[in-house]
Amino acid sequence: MKITHLETVPYRVPMRKPLKFASGEVHHIEHVLLRLHTDEGLVGNADIPPRPYTYGETVESVVAVINTVFAEALIGADPLDRGAVHAKLHRTIGNQTAKGGVDIALWDLIGQAYSTPVHRLLGGFSSSIEVSHMLGFSPTQKVVDEALSFTENYGVQSFKIKVGRRPVSLDVDLVAALREALGPDALLYLDANRGWNATEASQMLAATADLDLRFFEEPNDAAEVLTRRGLVTNSPIPIVADESAPNLGDAAREIHTGGANALSIKTARTGFTESQKILSFAEALGLDVLMGNQIDTQLGSVATVTFGAAFEHSSRYPAEMSNFLDMADDLIASPLEIRDGRIHAPTVPGAGTAVDEDKLAHFRVD
Ligand code: MUC
Ligand code: MG
């Protein structure tokens, strides 16, 4: 099997409600659909979400790097030789979600070629994984109502709370209100997206010490090495590296230099191949891993469940997979369903990233 040509299709879908957090805001889904075509007539698909405030990528940069740099490694390649493709991609620094998308599309082809779900090719640990919902900035009562509606309508019991606002007391009050409303059994954790400095983050930890929070993601900028290391050393709960560890090398550096003691894995940026390397690294060191959300569509979230449910170590905590409910529509051909707080991994051959061609025609902007 050989890749004969590729397509990079920019598309735009409105959000029902914007998602706001300390490092940015998302009002519209403006992503790139990558399609790898083969001489056997198979098409491998992946959703690529550029996040300029996290990785510096844009729709235009994703399209450009794939067409002008990565295409040379892809056209004529057999998807099974993905090690050779990755070695070539590795020569280009950055462009994290473009690389993640290439890997997912390659695996989608491999799964289709072997008539097997990628979830099973990877590991097949569990047929489903529990869902965690990410709560963006909004007035406290609205956030509480949103969380309660997710528990009631979808059975979701785990929430990542976006924090990092000033004054810190704003977020202390929010977290206290959520714990009060959701009760002692809900799994609650924080993500400040670098919005605070280490002093503010310490104040947050002290003020919420009796609220049973489980993790604290990117409390401050990991580039503030000294204060970040102090925070990690003194924090009673694990400090999770997300945007400070967007690839294997950065994850290893952040862990070994004391910048974090838990890791977020996002298939949107490390696909399946590099995500598995990060997962093994974390497992060997006894570090907790969270399957994160890049404000993913269903097309993106299906990759998260495909990977997350494939391994025991990535299934230990609920995976962030529900923000597609904030979006007005989706390109995915077989929609995801959250039932009893869980999403099932696709059972069709490939990665579950097949697209609805009518919707693609409607939402594409090229
Ligand atoms: C997260 O975990 O930080 C917000 C920005 C981004 O790149 O991902 C989201 C969620
Ligand atoms: Mg994060």
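Below are my entries, from the whole chain down to single residues.

**Ground rules.** This is a predicted model, so to speak: local features need pLDDT of at least 70, side-chain atom pairs count only at pLDDT 80 or more, and totals for chains, interfaces and linings use all residues. Residues are numbered from 1 along each chain as its sequence is written, chains are lettered from A and ligands numbered from 1 in the order in which they are written, and side-chain values use heavy atoms, with hydrogens and water left out.

**Whole chain.** I looked up the secondary structure and got 14 helices and 12 strands; these are DSSP runs numbered from the N terminus, helices being H or I of at least four residues and strands E of at least two. The radius of gyration is 20 Å against 21 Å from the globule rule for 366 residues, so the chain is as compact as a globular protein of that length. That radius is taken over C-alpha atoms, and the rule is 2.2 Å times the number of residues to the power 0.38. The C-alpha trace spans about 60 × 40 × 35 Å along its principal axes.

How much of the chain is buried? I get 60% of the 366 residues, where buried means under 20% relative accessible area (1.4 Å probe, protein chains only). Of the contacts (heavy atoms within 4.5 Å) between residues at least 6 apart in sequence, 74% join residues at least 24 apart.

**Aspartate 288.** Next I went to strand β10 (residues 288-291), where aspartate 288 is found. Aspartate 288 is buried at 17% relative accessible area. Its side chain makes a polar contact of 3.3 Å with that of tyrosine 317. For that term I use a pair of N or O atoms within 3.5 Å; within protein, one must be able to donate a hydrogen and the other to accept it, and residues adjacent in sequence count only if both atoms are side-chain atoms. Beyond four places in sequence, aspartate 288 also touches residues including Arg214, Phe215 and Pro238.

**Helix α13.** Why do I call α13 largely enclosed? Because 11 of the 11 residues of this helix (residues 298-308) are buried; among them are Gln298, Thr304 and Phe307. At the start of α13, a side-chain oxygen of threonine 297 comes within 3.2 Å of the backbone nitrogen of leucine 299.

**Asparagine 95.** Last stop: the loop between α3 (82-89) and α4 (96-113), which holds asparagine 95. Asparagine 95 counts as buried at 18% relative accessibility. Leaving out neighbours within four places in sequence, asparagine 95 contacts Glu57, Val65 and Phe70.

Key. Buried means under 20% relative accessible area, exposed over 50%, partly exposed in between (1.4 Å probe, protein chains only).
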